[in-house]
Amino acid sequence: MKQTLYTESEIKGVVAELAAAIAADFAGRKLLLLGLLKGCQPFLADLCRELSRYSLSLAVEYLQVSSYCGTASSGKVTFDCGLPEGLGQGCEVIVVDDIFDTGLTLQSVVSRLYENGAAKVKTCVLLRKEASHRVVLEPDYCGAVIPDVFIVGYGLDYNEQYRELPYIRALAADEQR
Ligand code: IMP
Ligand code: MG
């Protein structure tokens, strides 16, 4: 029996709280959500749906980055594509990712955006791990803190598997190969 860390309804509650916090800070403003593929997908879709309840002017873009190999960070963040055209000009950006672990991914993306002329960049993650941060940056919006275990589901993968699970659970030792 695999133990669920977050059920579908718990995730829904966390996403609704994050949307309320973002909406309170950005009421009536123009906001660009920049999702980090591939893990952000279900989270960003649900976050947008929740944000549609509020009066915000919202745009969505994506960036594909990778840093993980199996269950560990490679320590190197690879940008699999360039920044979307005109990004950061005239609107505030929130970078959206599934999870904050070492923090290297978010830090690299935030630095890249500022280098590209962005005026203001915030960050939002569904989850952060308790222990393994290696950067100064702290996520501005964070749904929940989890223990330092490797998790899958709701967009989070192990070698491209398990993203489709509607809930989040730890990866069992016998699933790591
Ligand atoms: P960081 O750069 O170490 O903060 O790692 C963030 C990225 O690593 C996320 O965008 C995820 O894609 C991936 N990641 C980190 N921890 C996990 C995990 O427990 N399961 C699946 N992916 C993870
Ligand atoms: Mg990722």
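Tyrosine 162 is buried, with a relative accessible area of 12%, where buried means under 20% relative accessible area, exposed over 50% and partly exposed in between, using a 1.4 Å probe and protein chains only. The residue lies in the loop between E8 and E9, and its phi is positive, about 75 degrees, although tyrosine 162 is not a glycine. Glutamate 160 lies in the loop between strand E8 (151-152) and strand E9 (168-170); here too phi is positive at about 75 degrees in a residue that is not a glycine. Glutamate 160 is partly exposed, its relative accessible area being 46%. Strands (E, at least two residues) and helices (H or I, at least four) are DSSP runs numbered from the N terminus.

The model is a predicted one, in which local features need pLDDT of at least 70 and side-chain atom pairs count only at pLDDT 80 or more, while totals for chains, interfaces and linings use all residues. Residues are numbered from 1 along each chain as its sequence is written, chains are lettered from A and ligands numbered from 1 in the order in which they are written, and side-chain values use heavy atoms, with hydrogens and water left out.

Another backbone feature is the cis peptide bond between leucine 37 and lysine 38, with omega about 5 degrees. Lysine 38 belongs to the loop between strand E2 (30-37) and helix H2 (41-51).

Attention now turns to the ligand. Ligand 1 sits in the largest pocket. A pocket is defined on a 1 Å grid over the protein atoms alone, as an open set of points with protein on both sides within 12 Å along at least five of seven lines, whereas a cavity is a set of points where a 1.4 Å probe fits but cannot get out; lining residues have an atom within 4 Å of a point. A molecule sits in either one if more than half of its atoms lie within 2 Å of its grid points.

There are 17 residues around ligand 1, and Asp97, Thr102, Gly103, Thr105 and Ile151 come nearest; a residue is near a molecule if one of its heavy atoms lies within 4 Å of it. By class, this shell has 8 nonpolar, 4 polar and 5 charged residues, with Ala, Val, Leu, Ile, Met, Phe, Trp, Tyr, Cys and Pro counted as nonpolar, Asp, Glu, Lys and Arg as charged, and the others, Gly among them, as polar. Strand E3 (57-69), strand E5 (92-100) and helix H3 (104-115) each supply at least two residues of the shell, and E5 gives the largest share, 4 residues.

Polar contacts are pairs of N or O atoms within 3.5 Å; within protein, one must be able to donate a hydrogen and the other to accept it, and residues adjacent in sequence count only if both atoms are side-chain atoms. A polar side-chain atom of lysine 129 lies 2.8 Å from an oxygen atom of ligand 1, and a backbone N or O atom of isoleucine 151 is 2.7 Å from a nitrogen atom of the ligand. For threonine 102, a polar side-chain atom lies 2.5 Å from a ligand oxygen atom. Threonine 102 is found in the loop between E5 and H3 and is buried, at 8% relative accessible area. Its side chain also reaches the backbone nitrogen of leucine 104 at 3.2 Å.
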